[in-house]
Amino acid sequence: MPATPVYIICSPRPQVGKTLVARLLGEFLLLKNGRVAAFDINLKEPSLIDFLPDLTETADVIDTYGKMQLMDRIIVDDGLAKVIDLGFHAFDEFFKMSEQIGFLKEAARRNVAPIILFVADTDRVSARGHDTLRQQIPSSNLVVVDNEHVVRGELPPEMERGRVLRIPALPTFLKTYISRLTFSFTDYLRQERDSSTELHQWIRRNYTVFRDLELSLTMQRS
Amino acid sequence: MAAAKPAVIVVGADKGGVGKTTVSRTLLDYFSANNVATRAFDTESPRGTLKRFHPDITEIVDMTTTSDQMKIFDTLNSGTSVTVIDVRAGLLSRALASLRDIGFLDAAKGGQITFAVFHILGPSIASLDEIAETASFMAGAKYFLVKNFINDTQFFQWDQATYNSYFHRIKDATDLTIPKLNEMAYEQVEIASVPFLKFVANKSIHDDAANYSFVLRGYVRHWLANVWSEFDRIKLTDIVGSGKAVRGSEK
């Protein structure tokens, strides 16, 4: 039986596009599987619950109770894909806790597949955060997201070593368009008949990238 | 592998609430994980906390009575290699005096018995006076001074120079640190009334599957591994004559 995926979208930096990736992935999984569970661990940024309120619940890792509420849900092999939008302020605490409680080992035992999507930036804090993850997480579970709108050029060489998922930059007017709280990527694909529009192609390309990521992870496990 | 020489470990302090029973529980889990046959005596008579967590191997005794002293010390050669005694608060010095009086300390000095004392220290200066008092009984024993941080003791009242002056007076005393355990995790193990090992394995006291939080089990697993690495550091299994620590999969 395929493992239950848990996508953790993270960065120790604000404003790098974590919620954008979480929205895209959440809508892709909903379209593909018909259901998805999303968790929003953001207190200080625009966050997933504002965009996908029907799929998303808030969570926190500030205290032990919050950690239990979140982790005891995501460690379950129930076939329901999960997406976590991990705010920058929770990055250190979440991965410290994950290491202490042996999250990856327990996940492997329970047929749960955590996939860490690290949204890259070129600053020192991101480099340190990525290094922390590389020491803690097997390369097969760690994916660097190159949001071209943020990185604008080459990724730091250390981040290029593993798997990289690229999100092309959109023109500013389209970026503003998709930033509306009522905007849905899947609804746009369904309603916009002209599939040659830049946004149509951008969404399809990103959905394809997620499908390829899922496929490669499934093949890796089999 | 198992030596014929019996080993007795006394866990105590003259102050209450410093975590004697918690340390005793980690010792019983440690020996269990290392396949060292162990029995325990709980001197918190008539209501023993240690017995609540390890009922199968623990007996409640009153160490001040001759009959219970016989129950413990006349049966040391009964086949179980390690005996752990959790001494009630305020009884450590008296217990050690009793052991001296019955010739037990001389037997330890003569090498017939392995004897170790885990002296759990509190944060106050009174603990330092306890060290001096207890140390006078320690010839022939392995003496461990345990700083227990499980209940977030800060040891703030200690002046390091004062501590060192006491500590260095005692030959061969070894420092041991028990780290802090997440409060909610500690509380849940208390409520479950199971050994730490069973909590980590998600089992009830009767070995049925339980439903403890994965997060709390993770915290306990991590903490227990740190405690055991301290026991490994002092080569505890070697001390009790069971050779090198060999565990299955405590992590």
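Predicted model: local features only at pLDDT ≥ 70, side-chain atom pairs only at ≥ 80, totals over all residues.
Reader: How many helices and strands does chain A have?

Author: Helices (H or I, at least four residues) and strands (E, at least two) are DSSP runs, numbered from the N terminus. Chain A has eleven helices and seven strands. The radius of gyration, taken over C-alpha atoms, is 17 Å for chain A, close to the 17 Å from the globule rule for 222 residues, so chain A is as compact as a globular protein of that length. That rule is 2.2 Å times the number of residues to the power 0.38.

Reader: Which residues have the most contacts inside the largest nonpolar core?

Author: Nonpolar side chains tend to be buried together in soluble globular proteins. A nonpolar core joins buried Ala, Val, Leu, Ile, Met, Phe, Trp, Tyr and Cys residues through C-beta atoms within 7 Å; buried means 20 or more other C-beta atoms within 10 Å of the residue's own, placed from the backbone. The largest core has 127 residues, and those with the most contacts inside it include I9(A), F118(A) and I9(B). Helix α10 (residues 214-233) of chain B gives the most, ten residues.

Reader: How many residues of chain B are in contact with chain A?

Author: Contact means C-beta atoms, placed from the backbone, within 7 Å. Ten residues of chain B are in contact with eleven of chain A; α10(B) gives the most to chain B's side, with seven residues.

Note on methods: Residues numbered from 1 in each chain as written. Chains lettered and ligands numbered in written order. Buried ≥ 20, exposed ≤ 12 C-beta atoms within 10 Å, placed from the backbone. Contact = placed C-beta atoms within 7 Å.
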